[in-house]
Amino acid sequence: MRHDSSGTLAGWENIECDVDDGSRWLGNAVDRSLKRVLDIVIAVTLLVVLAPLILIIAATIKLESSGPAFYRCRRVGCGGREFDMLKFRKMHDGAQGPALVSWEDERFTRLGPFLAGTKLDEIPQLWNVLRGQMSLVGPRPEDAGFVELHPVEYGVIHIVRPGITGLSQLAFARESMVLDPQDRVGHYVNAILPQKVAIDQLYASRRSVAMDLRILGWTARAVIWRRAVAVHRRTGDLTLRAPRTEALPVAIGRVQA
C-alpha cells in the first residue's frame, strides 16, 4: 500500500459536467443530500455529547494563557471560496514565526502539544460542518498559498466540501516522519503536497456516503487506538500500517496563535 507522488489524476476537471445520464445525476443528488443529513446529525450529536469537554478545554486555554480560546485560520473550501476554519488555540496569543513547528516549540501553550497530538483541537470544526462550510469527510482544506500551486487539481478537489477527516488526513497523519527537518516547507510543497492533491482528487471523483462511512470508521480506529492508517494511492483502500517507532509529529500550516 502506498501514496506516492507519481502522476496526478489529470483530465478530471469536468467530473460533474461529464454526467449526462439522468439516473446517475439523480443518484448523485440523493447521495449529496444523504451526506448533508449525515453531517448535520453527527455534528449536532457530537457537539451535544462533547459540550462538557469543549467547555473544559476552552476554560483551560483561557486560564493558562491570555487570548481567545479559539483560533480562526483562513482556508479555501468548496467552489474556491475562503472561510475561517475553527480550532482550539494551541499557541500563545499573537505568536509569530515559522509555519512548521515541533512539540518543543516555545510558542505552544502547555496544553498545546496535547491538543495537537490527540486532535482535540479539531473539535470546533463541527461548527464549520453545521454552517455548511465543511463536511465530516472530505479533502483537507488548504491555505490559499498552497492551493495556488495546483490550480487545476484544486479545481477538481473544490467541487466538494472540505472535511475534518478524509483520505489524505489519514494517509499523512504523521507526515513529520518524512519531512526534511532542514527544509520542511520546501519538502512539504515539493513532495508531500502533490501526494495529498492526488489523493484528494481521488476522493472527489469517487465520493459516496458509503465511502464516507468507511473513512469515519477508520478515523475512529486511528484516533481511539492510535494506529496509523495506510491509504492506497490508486484505489483509496484503507488498511492498518505495521506498528513502528515514530518521531513526534510536526504541525503543518500557518502559525496558530
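Hello everyone, let's start with phenylalanine 172, which sits in the loop between helix H7 (167-171) and helix H8 (184-206). Please keep in mind that this is a predicted model.

Is phenylalanine 172 buried or exposed? The relative accessible area of phenylalanine 172 is 8%, and buried means under 20%, so this residue counts as buried. Now look across to lysine 196. Along the sequence, phenylalanine 172 and lysine 196 are 24 residues apart, while in space their C-alpha atoms are 8.1 Å apart.

Next, the cysteines. Cysteine 73 has a relative accessible area of 1%, which makes it buried. Cysteine 78, with 23%, is partly exposed instead. How many disulfides does the count come to? With sulfur atoms required to lie within 2.5 Å of each other, the count is zero disulfides. As a reminder, a disulfide is a covalent bond between the sulfur atoms of two cysteines.

Finally, let's turn to empty space. Rolling a probe the size of a water molecule over the atoms shows where such space is left. In this model there are two cavities of 30 Å³ or more, and I'd like to show you the second largest cavity, which holds about 40 Å³ of space. Which residues line the second largest cavity? You can find Val76, Gly77, Pro139, Arg140, Pro141 and Glu142 there, together with Tyr154, Ile157, His158, Val160 and Pro162. By kind, the lining of this second largest cavity divides into seven nonpolar residues, two polar and two charged.

Technical notes
Residues numbered from 1 in each chain as written. Predicted model: local features only at pLDDT ≥ 70, side-chain atom pairs only at ≥ 80, totals over all residues. Heavy atoms only, no water. 1 Å grid on protein atoms, 1.4 Å probe; cavity = no way out; pocket = protein on both sides within 12 Å on 5 of 7 lines; lining within 4 Å. Points joined across faces, edges and corners; volume = space filled by probe spheres on them. Nonpolar A, V, L, I, M, F, W, Y, C, P; charged D, E, K, R; others polar. Helix = DSSP H or I, 4+ residues; strand = E, 2+ residues; numbered from the N terminus. Buried < 20%, exposed > 50% of the residue type's maximum accessible area, 1.4 Å probe, protein only.
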